[in-house]
Amino acid sequence: MAHSIHLIHGTDELRVSDKAREIARSLYPEGEEADCLEVVDGVCANEEQVTACLRRVVEGLRTVSMFNPRRVVWLRGQNFLPEKKAGESEESKAQILKFEQEISKPLGPDVFLVISGLDVSKRSTFYKALAK
């Protein structure tokens with residue numbers, strides 16, 4: 001059984017993106033990308049964009065497809081976890097905490113989340129929440 005949540009992070013954007021793409025593609029049947037994969041752009045410049053981005057990811061994880069039970073949501077290129085740049089405001093921190101709580105709930109047997117982007121500290125609460 002595959003893990004439900006995959007965090008791919010680092011300082012080399014190309015390597016991170018390539019690895020995330022490889023993992024995402026391995027999670028749905030070949031040729032079914034349109035029905036199974038939702039890509040959410042994680043590059044955010046302010047707290048409103050962080051809030052909208054995280055809301056879209058959670059909606060994607062909770063939405064049931066009429067065509068295929070398998071669901072892969074890729075939060076691509078995030079630049080705010082944990083609390084980096086756009087994630088430094090109190091509102092963004094609150095939204096990130098809410099996101100942590102949401103993804104700590106079971107996603108379902110055919111639902112997967114791939115998160116890629118900037119390096120995430122292993123000491124952060126976000127990283128620790130994913131490690132559970």
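Q: In which helix does A129 lie, and how are helices and strands defined here?
A: Helices (H or I, at least four residues) and strands (E, at least two) are DSSP runs, and they are numbered from the N terminus. By that definition, A129 lies in helix α5. Before going on, note that this is a predicted model, in which local features need pLDDT of at least 70 and side-chain atom pairs count only at pLDDT 80 or more, while totals for chains, interfaces and linings use all residues. Residues are numbered from 1 along each chain as its sequence is written, and side-chain values use heavy atoms, with hydrogens and water left out.

Q: Is A129 buried, partly exposed or exposed?
A: The general idea is to look at relative accessible area: buried means under 20%, exposed means over 50%, and partly exposed is in between, with a 1.4 Å probe and protein chains only. A129 has a relative accessibility of 27%, and therefore counts as partly exposed.

Q: How many helices and strands does the protein have, and what pattern do they follow?
A: There are 5 helices and 4 strands, and along the sequence they are arranged as β-α-α-β-α-β-α-β-α.

Q: What radius of gyration would a compact globule of 132 residues have, and what does the protein have?
A: The radius of gyration is taken over C-alpha atoms, and the globule rule is 2.2 Å times the number of residues to the power 0.38. For 132 residues the rule gives a value near 14 Å, and the protein agrees with it, because its own radius of gyration is 14 Å. Along the principal axes, the C-alpha atoms fill a box of roughly 40 × 30 × 25 Å, and buried residues make up 42% of the 132 residues.

Q: How does one read the span of a helix, and what span should α3 have?
A: The expected span is 1.5 Å times one less than the number of residues in the helix. The 16 residues of α3 should span 22 Å, and its end C-alpha atoms are 23 Å apart, which agrees. Helix α4 (residues 90–103), with 14 residues, reaches 20 Å from its first C-alpha to its last, close to the 20 Å expected.

Q: Which residues of α4 are buried, and where around the axis do they lie?
A: In α4 the buried residues are S92, Q95, I96, F99, E100, E102 and I103. They cover an arc of only 165° around the axis, which means that they are on the same side of α4; the arc is that of the directions from the helix axis to the C-beta atoms. On the other side of α4, E90 and K98 are exposed.

Q: What covers the buried residues of α4 and of α3?
A: Here the idea of contact is needed, which means heavy atoms within 4.5 Å. The cover of the buried residues of α4 includes β1 (5–9), α3 (47–62), β4 (111–117) and α5 (125–131). In α3 the buried residues are V50, T51, C53, L54, V57, V58, G60 and L61, and what covers them includes β2, β3, α4 and β4.

Q: Which side chain makes a polar contact with that of R71?
A: A polar contact is a pair of N or O atoms within 3.5 Å; within protein, one must be able to donate a hydrogen and the other to accept it, and residues adjacent in sequence count only if both atoms are side-chain atoms. The side chain of R71 is joined to that of E38 by a polar contact of 2.6 Å. R71 is found in strand β3 (residues 71–78) and counts as buried, because its relative accessibility is 11%.
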